[in-house]
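I opened this entry to keep a record of what I looked up. The structure comes first, and my notes follow.

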Amino acid sequence: MSSYRIVGAKRPHGDVNISGSKNAVLGILAAAMMLDGPCTIENVPDIVDVRAMLEICETLGAKITPVSDGTYEIDPTKINTFEATNVKVKNIRASYYLLGALLTRFRKATMYMPGGCNFGNRPIDLHLKGFQKMGAKGTRATDIRDGIIRIVADELKGTHIFLDVVSVGATINLMLAATKANGVTVIENAAKEPHIVDVANFLNAMGANIKGAGTDTIRVKGVPVLPGGYSYSVIPDQIEAGTYMIAAAVTRGDVTIHNLIPKHMEPLTVKMLEMGYNIEQGDDWIRVSIDDDVELEPTNFKTSPYPGFPTDLQPQATVMLCQARGLSRMHENVWDNRFQYIPELQSMGATISVVEKMALVNGPVHFSGASVNALDLRAGAAMVLAGLAADGVTTVYSANRIDRGYEKILEKLRGIGAEIEHIDDELEHNPSEEE
Ligand code: UD1
């Protein structure tokens, strides 16, 4: 177990480079398990969740060869089991993509229920109902025994699927299962997140026929073979980029964040401009700064599926709202229980009350260093941000949760002048709380 110790109240300045997208690469690695030939994946972030997924893929029989920093050659041709029962499946949420991938490869898939329930009920009923419509059996809730899902299909048939809730996971999983199905599958009310487009682009580069990813209607024409044989570079991580933008904002620093896609950041940049920050941007960079005499305006955020404001930036943005003068509101519309970190922020001086799905934030707050917990990945990132803004020393316990999604976070923060170090701690880490 590990902690971060932060000496706050510095004003970071300089440059940060963003790594490959965690949620995109996890989908792409699962998708690679369906290929009929090898492929190369570039810009793979070295984070705990990716290491777990690579290990799971290896236990299925895939050959994974590191070629250089962040580049892996993946050969799935020797995969010899449809059973994803490596214990790490229970640790990461994105292991659910192996259901779609193994169902495609073997017409059957056996897997532990994926981890993750720390911000509310996290069903996968939409994934299973979609598989059922494509011809799979074993997809009812009552079929799940001892936490293990076992699905089989004589044949995967193209079909019409309407998702009654916009779900990132279900959209990608059904896209995977449709890729080699017989006929055409149409997924309506699909999620539109950048990593959905990235998984579709990866599959198309490897021989699939997927159209409409990034819109609410995705059309997948099943192909008999996915030859692979190409190299594919993962998109930058929208959430990591947003976290560093907010790091600059909450410290009144001046930081340029490189290797991001500015379009993906619009839901954040528009709010930062409204609050009074300066935003400059180019093709693949954004600079965040603030004039010395500016008092930040309060504002309201509502999380929603892309292109709305991402729920995975909600805890970090709440720290930013603490800097504005007056009352701001943060509405959490995706998850039922994603304000568990608020008492940790309160212990650093925040004045926030939660009314149902809304946090009422009163600012400006002068954070004071304290000992706080990283209750999950993004809540942990929010604690780091508050620690950077705070007077005095902040210790963030269970910081290993943050390592799941942020490559070289200490190095990157130190590179812009933050004082942050890693220390060991004794606290228990609950590995089932994964994004
Ligand atoms: C993914 C992300 C997670 C992010 C979330 C929303 C990964 C690995 N995780 O999670 O970081 O917070 O998108 O952007 O990419 N739902 C159902 N039935 C289902 C599936 C989902 O009702 O079968 C509901 C959920 O309860 C939730 C909403 O749909 O209210 C969105 O969930 P979803 O988009 O599926 O999230 P994940 O894919 O689990």
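**Domains**

I looked up the division of the protein and found domain 1 (2-18 + 236-434) and domain 2 (22-224); the bounds come from an automatic or database domain assignment. The C-alpha centres of domain 1 and domain 2 lie 30 Å apart.

I note that this is a predicted model, where local features need pLDDT of at least 70 and side-chain atom pairs count only at pLDDT 80 or more, while totals for chains, interfaces and linings use all residues. Residues are numbered from 1 along each chain as its sequence is written, and side-chain values use heavy atoms, with hydrogens and water left out.

**Largest pocket**

I then looked up the largest pocket, which holds about 960 Å³ of space. A pocket here is an open set of points on a 1 Å grid over the protein atoms alone, where a 1.4 Å probe fits, with protein on both sides within 12 Å along at least five of seven lines; a cavity is a set from which the probe cannot get out, and lining residues have an atom within 4 Å of a point. Volume is the space filled by probe spheres set on the points, which are joined across faces, edges and corners.

The lining of the largest pocket has 46 residues, and Arg 122, Val 168, Gly 169, Val 334 and Trp 335 lie nearest its centre. Two or more lining residues come from each of α1 (22-32), α4 (125-133), α5 (168-179), α6 (194-205) and α7 (238-250); helices are DSSP runs of H or I, at least four residues, numbered from the N terminus. Why does the largest pocket lie between domain 1 and domain 2? Both domains give residues to its lining, so it lies between them.

**Ligand**

I counted 23 residues around the ligand, with Tyr 96, Asp 125, Ser 167, Val 168 and Asp 312 nearest; a residue is near if one of its heavy atoms lies within 4 Å. I also looked up polar contacts (pairs of N or O atoms within 3.5 Å). An oxygen atom of the ligand is 2.5 Å from an N or O atom in the side chain of Asp 312. For the side chain of Trp 335 the value is 3.1 Å, and for that of Arg 93 it is 3.3 Å.

**Largest cavity**

The volume of the largest cavity is about 50 Å³. Its lining includes Thr 243, Tyr 244 and Ala 247. The elements α7, α11 (377-389) and α13 (409-415) each give two or more residues to this lining.

Conventions
Polar contact = N/O pair within 3.5 Å; in protein donor to acceptor, adjacent residues only side chain to side chain.
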